[in-house]
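The sequence and the structure come first, and the points follow by topic.

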Amino acid sequence: MIRAENKCCQIQGGVGMYGVRIEQDRIIIIEGTKEDLAGMRTAPTREQAEALGKNLLYAAHRKEFLAMTKEELDTPRARFLEEQVWGRHPEYEEYVPGEMIAKRKAALS
């Protein structure tokens, strides 16, 4: 038995961990041993791996958006990233398409 975040988890046969990585706007979750998942972010349960994957994808999208030049902000990719980062949680703030792109362009001027 191992203790992870105050929860007890039994790992049978060395399997029971989940590795998470992001590839081309997709969350990849793989079950395996610590050795199988080397180089990946890991979580003890599938549910935690899914939450970790969502957070990693959000962070990757935000980082890519903030690294864009003024010219790149005029592309469909920029609009996609803006929607993924700021349009996913309307309960926190009203999302206005194009608003964050405009703010980013102004910051780069």
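In the predicted model, Glu-23 stands opposite Arg-26 in strand β4. The two strands concerned, β3 (residues 17–23) and β4 (residues 26–32), pair in the antiparallel sense over seven bridges. Glu-23 also meets Arg-21 through a side-chain salt bridge, with an N to O distance of 2.6 Å.

**Hairpin β3–β4**

- Strands β3 and β4 form a hairpin with two residues between them.
- Gln-24 lies in the turn of this hairpin and has a positive phi of about 45°.
- Gly-32 belongs to strand β4, and its relative accessibility of 3% places Gly-32 among the buried residues, because buried means under 20%.
- Gly-32 and Met-17 are 15 residues apart in sequence, yet their C-alpha atoms are 5.7 Å apart in space.
- In a regular strand, side chains alternate between the two faces of the sheet.

**Overall architecture**

- The protein chain contains three helices and five strands.
- Along the sequence these elements follow the pattern β-β-β-β-β-α-α-α.
- Of the 109 residues in the protein chain, 24% count as buried.
- The accessible surface of the protein chain comes to about 7,700 Å², and carbon and sulfur atoms account for 50% of that area.
- Among contacts between residues at least 6 apart in sequence, 35% join residues at least 24 apart.

**Salt bridges**

- How many salt bridges does a search of the whole structure find? The search finds six.
- In the pair formed by Glu-23 and Arg-21, Glu-23 is partly exposed at a relative accessible area of 35%, and Arg-21 is likewise partly exposed at 32%.
- Glu-50 and Arg-46 meet in a salt bridge through their side chains, at 3.3 Å from N to O.
- Because Glu-50 and Arg-46 are four residues apart in helix α1 (residues 46–66), about one helical turn separates them.
- Glu-50 has a relative accessible area of 37% and is partly exposed; Arg-46, with 36%, is partly exposed too.
- A further salt bridge joins the side chains of Lys-105 and Asp-74, with an N to O distance of 2.3 Å.
- This pair links distant parts of the chain, 31 residues apart: Lys-105 is in helix α3 (residues 99–108), whereas Asp-74 is in the loop between α1 and α2 (76–86).
- Lys-105 is partly exposed, with a relative accessible area of 24%, and Asp-74 is partly exposed, with 48%.
- Asp-25, Glu-64 and Arg-77 are linked in a network of salt bridges.

**Nonpolar cores**

- Which residues make up the largest nonpolar core? The set has six residues in all: Phe-65, Met-68, Leu-73, Ala-78, Leu-81 and Ile-101.
- Apart from this core lies another one of five residues, among them Tyr-18, Val-20, Ala-43 and Ala-49.
- Leaving aside its neighbours within four places in sequence, Leu-81 contacts His-61, Glu-64, Phe-65 and Met-68.
- Two of those partners, Phe-65 and Met-68, are members of the largest core together with Leu-81.

**Helix α3**

- Besides Lys-105, helix α3 contains Ala-106.
- Is Ala-106 buried or exposed? Ala-106 is exposed, because its relative accessible area is 52% and exposed means over 50%.
- Ala-106 and Lys-70 are 36 residues apart in sequence, with 9.0 Å between their C-alpha atoms.

**Model confidence**

- The mean pLDDT of the protein chain is 86, and 85% of its residues reach 70 or more.
- Over residues 1–14, pLDDT stays under 50.
- For residues 1–14 the model has 14 contacts beyond four places in sequence.

Key. Residues numbered from 1 in each chain as written. Predicted model: local features only at pLDDT ≥ 70, side-chain atom pairs only at ≥ 80, totals over all residues. Heavy atoms only, no water. Salt bridge = Lys/Arg side-chain N within 4 Å of Asp/Glu carboxyl O. Buried < 20%, exposed > 50% of the residue type's maximum accessible area, 1.4 Å probe, protein only. Core = buried A, V, L, I, M, F, W, Y, C linked by side-chain atoms within 4.5 Å. Contact = heavy atoms within 4.5 Å. Pairing = 2+ DSSP bridges. Areas by Shrake-Rupley, 256 points an atom, 1.4 Å probe, with all protein chains shown as cover. pLDDT = per-residue confidence, 0-100.
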